[in-house]
Amino acid sequence: MKKALFTTLLVALTLLSACGSGPKGQPESTAGGKSDGDKKLVVGVTYTTLRHEFFIDISKGVNKKAEEAGVTVLTNDPNLDLAKQVSAIEDYTQKDVDALIVLATDNAGVIPAIEEAKSKGIPIITADNVINSESVDTFIGTENYEAGKQIGEQLKKSIEAEGKDATIAIVTWKQSFVQKERLRGFKDALADVKGVKFLNEQPGYNREESMSTVENILQAHPDVNYIFATSENSVSGSLAALESAKKSNIKIVGFDPTSETAEGIRNDYILALIQQQPQLIGEKAIEAAIDAINGKKLEKNISIPVILVDKSNVDEHFAK
């Protein structure tokens, strides 16, 4: 009888030992799964496109900071297709991601999808393109109107120093709200400068289109003095057209320098460019997502400063 009782107690103690607590009293993880305390945060990110260096750099910042923080990132590239972006946001909502980062292809068209996600308790972080909705926790990026104004002020100094009338061509992607804001700030900066004439806006979504546009401008308006190119691709296309025509007397101002267009600054085809900080935008977006998930109240706008790059400082930012 005593032996049977001893055996029973031994079995019970063995079972209790097998069900013991892990570190800090938490249940130990079982094979093939994690406890709630070990669950990684998941952030869904949808970009405008990942075909442009600017957005690729934002993605690098997102992935770098996410890796450092132990956050899983789900990535969507709709390549400017609103329907694909909305579908991705809906998919992320169904998956119940911990937060959403949205770089909108259409800042009005995505609103119903992000408002639905917000209604499910998912924080909404926007970057690059402002989305006017109360569902947005914060916007992170360049203040594009102010940046456009800054490059306009730089050109204003040059025009006033020349003391001559100036004809300015505009190469832009007309469908982009961001580029419209840059153009609005640019024109406001030059509004009180006498003798300035703006040509009609011409298409410049990608490098090839921008190059063709500037070639046509040179034919139709041989008196043009300056070109305002509102994005990386419109700058590089404009530069290619001027270099081909050997028109260094016409100066480009615009946005988003690259190694190629830095050479354009050195060779006097480009007067100045606004350099954004896309990788920093991506890093700050992940930081904001984590803060929002943890219940921290965010500022409605987190502005990322820009850098004016011209001949005086181009070598600091782009190696020869």
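Let's start with helix H10, residues 278-293: at 1.5 Å a residue its 16 residues should span 22 Å, and the end C-alpha atoms sit 23 Å apart, so the two agree. The expected span here is 1.5 Å times one less than the number of residues, and helices (H or I, at least four residues) and strands (E, at least two) are DSSP runs, numbered from the N terminus. This is a predicted model, where local features need pLDDT of at least 70, side-chain atom pairs count only at pLDDT 80 or more, and totals for chains, interfaces and linings use all residues. Residues are numbered from 1 along each chain as its sequence is written, and side-chain values use heavy atoms, with hydrogens and water left out.

Stay with H10 for a moment. Its buried residues (under 20% relative accessible area, 1.4 Å probe, protein chains only) include Pro278, Ile281, Ala285, Ile286 and Ala289. The buried set packs against helix H2 (53-69) and several strands, among them E1 (42-46) and E4 (124-127). After H10 comes Gly295, with a positive phi near 85°.

Now for the loops. Leu190 lies between helix H6 (177-189) and strand E7 (196-203), and counts as buried because its relative accessible area is 2%. Leaving aside neighbours within four places in sequence, Leu190 is in contact (heavy atoms within 4.5 Å) with residues including Leu155, Ile159 and Phe198. Lys149 is 41 residues from Leu190 in sequence, yet 8.5 Å away, C-alpha to C-alpha.

Ser231 sits in the loop between strand E8 (226-229) and helix H8 (232-245). Ser231 is buried too, because its relative accessibility is 9%. Beyond its neighbours within four places in sequence, Ser231 is in contact with Gln179, Arg182, Gly204 and Phe255.

Conventions: Buried means under 20% relative accessible area, exposed over 50%, partly exposed in between (1.4 Å probe, protein chains only).
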